[in-house]
Amino acid sequence: MSIDKERISVKPERILAVKGMNDILPPESAQWEWFENKIRSLMDRYAYRNIRTPIVEPSALFIRGLGEVTDIVEKEMYSFEDKLNGEQLTLRPESTAGVVRAVVEHSLLYDGGKRLYYMGPMYRHERPQRGRYRQFHQIGAEALGFPGAEMDAELILLADALWQELGLKDVQLEINSLGEPDERKAHRAALIAYLEGNVGLLDEEAKRRLYSNPLRILDTKNPNMQALVENAPRLIDFLGEKSLAHFNSVKAILDMNGVAWKFNPRLVRGMDYYNLTVFEFVTHQLGSQGTICGGGRYDYLIEQIGGRPAPAVGWALGVERVLELLKEQRSVQLQSAPVAYAIVPDAAALPVAMALLQKLRGLGVSVQMHSPAVRGEGMGSMKSQFKKADASGAQYALVFGADELARGGVIVKPLRDGGSQQVEHSIDHVADWAGTLQSIT
Ligand code: ATP
Ligand code: MG
């Protein structure tokens with residue numbers, strides 16, 4: 001395609017990405033793929049199966065699922081009206097509600113519990129800063145249809161195994177139990193009475209939530225309210241025998257596995273749907289965005305979204321934060337390099353060269369072909385092509401020189417230290433030598 005330079009005399013203004021939404025570019029994207037592959041392998045070992053739900057859901061799903069008086073629903077959702085049919089839609093701010101919707105919609109629990117995992121982008125209109133973006137990525141695991149404490153523990157062990165495999169240090173597990181709705185009700189009354197008695201110490205948000213969602217006040221990040229929150233009535237003191245037994249069972253399994261945990265009676269989590277066990281994995285190394293993973297039991301959400309009552313438990317981790325922590329702690333040098341780089345001195349050789357490359361790739365060899373950056377000036381000198389080959393990180397150069405081509409051959413030249421001498425191979429018998437092109441690293 002030729003561009004009419006005259007017509008584009010005024011340079012159009014650049015269009016930039018939406019604030020708080022990031023491009024993930026090579027070579028960094030290699031780190032993401034590496035991480036995602038680790039997740040796939042780990043989920044497979046715990047028999048969690050992949051589920052993919054739409055990024056856009058009816059707004060009602062989140063309003064009903066997460067709770068009206070939550071940070072997400074009150075101020076973080078990207079909601080809009082579908083201009084064509086007037087539907088109220090929202091870009092998913094999290095995935096548990098969508099997974100539950102799908103599970104109910106497709107009756108996935110008809111033959112027993114399901115272990116599921118997902119990964120993908122989420123959207124929250126927050127103030128962008130380190131570890132906090134408007135498009136960010138979560139990986140989540142959900143076990144639906146299982147009431148037992150062992151499932152809470154399994155999910156925590158799964159997350160813990162991930163930190164181990166990544167070699168992450170300084171990740172602490174905090175756990176709490178939110179009990180059951182009737183226990184929460186009794187605690188709520190005591191909490192409101194306590195907060196009413198200290199109303200002068202409450203900030204605006206807390207005052208607003210005093211009667212609508214007092215438990216969430218305990219989750220405040222306002223430093224001036226920490227002492228108040230610290231001395232507030234603790235939910236754990238309102239739990240009955242059954243809830244305490246559930247909590248103790250979770251802790252016993254963690255202890256047996258040598259997973260250290262810290263009881264945090266003020267841990268409440270941001271969504272309304274949790275009951276019994278809640279937990280977070282936190283680190284000191286990411287500033288104030290220190291929670292890398294959070295989750296808990298949500299035994300009433302399925303019913304709330306219109307399904308037959310069934311228990312469930314799950315967690316979600318923030319991919320950006322985990323990768324950031326990984327970067328802080330160890331330099332995972334991931335290089336994406338082709339095994340071979342094809343040097344084509346004369347453009348006339350391109351058809352033959354590309355036919356050979358196509359075969360090599362079919363045989364599993366990663367090959368990058370030289371292609372000049374400037375139109376109409378040929379393929380570039382041998383020297384400049386070798387320079388590019390070297391910069392690509394390839395182990396070998398395939399040189400399609402005219403003399404060799406004339407007799408049906410191609411040169412394979414090792415590019416790295418300690419490589420053997422260059423060899424000429426037959427283009428017609430590529431399957432015989434493709435195996436010699438192997439990554440040495
Ligand atoms: P926070 O208290 O930091 O706002 P949250 O309680 O809202 O977190 P969850 O809804 O539990 O977070 O989401 C699970 C994980 O997703 C978090 O622990 C975090 O690692 C990540 N996460 C949440 N919001 C963002 C965001 N805006 N940008 C990047 N990661 C995020
Ligand atoms: Mg948040």
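Q: How many strands form the open sheet, and in what order?
A: Five strands form the sheet, in the order β13-β12-β14-β15-β16, with mixed pairing. Strands are DSSP runs of E with at least two residues, and helices are runs of H or I with at least four, numbered from the N terminus. The model is predicted: local features need pLDDT of at least 70, side-chain atom pairs count only at pLDDT 80 or more, and totals for chains, interfaces and linings use all residues. Residues are numbered from 1 along each chain as its sequence is written, chains are lettered from A and ligands numbered from 1 in the order in which they are written, and side-chain values use heavy atoms, leaving out hydrogens and water.

Q: Why do β13 and β16 stand at the edges?
A: Each has a single partner strand, so one side of β13 (367–369) and of β16 (423–426) is left without a neighbour in the sheet.

Q: What makes β12 and β13 a pair?
A: Two strands pair if DSSP finds at least two bridges between them. Three bridges join β12 (residues 340–343) to β13, so the two strands pair. They run parallel. Val367 in β13 is the bridge partner of Ala340.

Q: Is Leu325 buried or exposed?
A: Buried means under 20% relative accessible area, exposed over 50%, and partly exposed in between (1.4 Å probe, protein chains only). Leu325 has 0% relative accessibility, so Leu325 counts as buried.

Q: Which residues does Leu325 touch?
A: Leu325, in helix α12 (residues 319–329), touches Leu168, Val171, Thr283, Gln285, Leu286 and Ile292, not counting residues up to four places away in sequence. Contact means heavy atoms within 4.5 Å.
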